[in-house]
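I opened this model today and kept notes as I went. The entries follow the order in which I looked things up.

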Amino acid sequence: MDAPALQLKGITKTFGQVTALSEVDLEAHRGEVLAVVGDNGAGKSSVIRTISGIHRPDSGEVRVDGVPYDFHSPADARRAGVAAVFQDLALVEVLDVATNMFLGDFPRRGPFVDRRGMEREARRVLDDLAVTVADVRTEIGMLSGGQRQMVAIARAMRSGGHVVLLDEPTAALGVRETAQAADLVRRLRDRGAAVIIVSHDLELVAQLSDRVQVMRLGRVAGVRRTADTSRDEVVGLITGSLAADRGRVA
Ligand SMILES: Nc1ncnc2c1ncn2[C@@H]1O[C@H](COP(=O)(O)OP(=O)(O)OP(=O)(O)O)[C@@H](O)[C@H]1O
């Protein structure tokens, strides 16, 4: 079997006296959605921040396609093919969709930005992912929350991410927009990305994920195939009413 697109092995991260992560393992494969769930303070953000190069772990290993990496910054992670979309989306409201999708990485023709090429490519990526934005020259500030979320995700794919991290991708969205964002996540998966979502929405997790990794108190409480588990079991692992089973990996 191929190496996982992303693998964490024995990641430990402390902040002073606080152990945010303790011996955390994680595997995400191409063509799957892995949901990371857990109560407040369980370590979900710390996992995402480690994978995306924001935190450097104290110990343990991060591997992408089987190759060990030591990320010092989000730029390092992006170069390795790991793209993260955080809740603030990091879009610039006064700039248009195409420009936002190429921020920091504009295509050039000689000394100039290749504006037409950029717009064409932005259009292609959005169409490929069936993201409904009528005009790539629209300012981000004019889009709905759902459209912004989708542009941010499309940008992650455009920049070559084959490991895509989504932190609470539907937290700010209504019912219809949540369904659209879920469809987009499925398309990313179907195009071969390894998608990791952090979400409090267990309904969404049940519908969207292939596997669920439960974090509790900075440790892995359990990993399950979504089809083989239940809401009760996941809640039990989240709260600790079911004993953690570190070591058993679905
Ligand atoms: N920068 C930091 N400095 C100090 N402690 C931190 C820092 N980041 C996280 N922690 C601590 O690490 C632990 C795990 O936090 P983390 O934010 O990863 O949890 P979480 O599961 O994402 O929680 P939430 O759902 O509330 O966002 C918590 O005890 C938290 O207080």
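**Entry 1: strand 11**

I started with strand 11, residues 211-216, in this predicted model. How many of its six residues are buried? I found six of the six buried, so strand 11 is largely enclosed by the rest of the structure. I then sorted the side chains by direction. Arg 211, Gln 213 and Met 215 point one way, while Val 212, Val 214 and Arg 216 point the other way. Both sets are buried, the two arginines, Arg 211 and Arg 216, included.

Next I looked up the pairing partners. Strand 3, residues 32-38, runs parallel to strand 11, and five bridges join them. In that pairing I find Leu 34 opposite Arg 211. Strand 12, residues 219-225, pairs with strand 11 in the antiparallel sense, over six bridges. There Gln 213 has Val 223 as its bridge partner.

**Entry 2**

Strand 11 and strand 12 form a hairpin, and I count two residues between them, as listed. Leu 217 sits in this turn. I checked its backbone: phi is positive, about 50°, although Leu 217 is not a glycine. Is Leu 217 buried, exposed or partly exposed? It has 15 C-beta neighbours inside 10 Å, so I log Leu 217 as partly exposed. The buried class needs 20 or more, and the exposed class 12 or fewer.

**Entry 2: another positive phi**

Ala 130 also went on my list. Its phi is positive at about 55°, and Ala 130 is not a glycine. I placed Ala 130 in the loop between helix 4 (115-128) and helix 5 (145-158). With 11 C-beta neighbours inside 10 Å, Ala 130 counts as exposed.

**Entry 3: the ligand shell**

I moved on to the ligand. Which residues surround the ligand? I noted Phe 15, Val 18, Ala 20, Gly 38, Asn 40, Gly 41, Ala 42, Gly 43, Lys 44, Ser 45, Ser 46 and Gly 218. Strand 2 (18-28) and helix 1 (44-51) are the elements that give two or more residues to this shell. Helix 1 gives the most, with three residues. By class, I have four nonpolar residues, seven polar and one charged.

**Entry 4: helix 1**

Seven of its eight residues are buried, and the helix is mostly covered. I list the buried ones as Lys 44, Ser 46, Val 47, Ile 48, Arg 49, Thr 50 and Ile 51. Just after helix 1, Gly 53 takes a positive phi of about 85°.

The order is 2-1-4-5, with antiparallel pairing. Which strands are at the edges? They are strand 2 and strand 5 (67-69), and each pairs on one side only. Neighbouring strands in this sheet are turned by 30° against each other on average, direction ignored. Helix 1 packs on the sheet and touches strand 1 (6-15), strand 2 and strand 4. I read about 65° between the direction of helix 1 and that of strand 2.

I also followed the pairing at strand 5. Strand 4, residues 59-64, and strand 5 pair in the antiparallel sense over three bridges. Val 64 stands opposite Val 67 in strand 5.

**Entry 5: Ala 193**

I looked up Ala 193 in the loop between helix 6 (175-190) and strand 10 (194-198). Is Ala 193 buried or exposed? It has 24 C-beta neighbours inside 10 Å, so Ala 193 counts as buried. Leaving out residues up to four places away in sequence, Ala 193 touches Arg 30, Met 157, His 162, Val 164 and Leu 188. I also took the C-alpha separation from Ala 193 to Leu 129: 12 Å, for residues 64 apart along the chain.

**Entry 6: the whole protein**

The secondary structure comes to eight helices and 12 strands. The radius of gyration is 18 Å, close to the 18 Å that the globule rule gives for 250 residues, so the protein is as compact as a globular protein of that length. The C-alpha trace spans about 55 × 40 × 40 Å along its principal axes. Of the 250 residues, 43% count as buried.

Methods. Residues numbered from 1 in each chain as written. Predicted model: local features only at pLDDT ≥ 70, side-chain atom pairs only at ≥ 80, totals over all residues. Near = placed C-beta within 6 Å. Helix = DSSP H or I, 4+ residues; strand = E, 2+ residues; numbered from the N terminus. Nonpolar A, V, L, I, M, F, W, Y, C, P; charged D, E, K, R; others polar. Pairing = 2+ DSSP bridges. Axes fitted to C-alpha atoms, helices over the stretch in contact; angles between N-to-C directions. Contact = placed C-beta atoms within 7 Å. Rg over C-alpha atoms; globule rule 2.2 N^0.38 Å.
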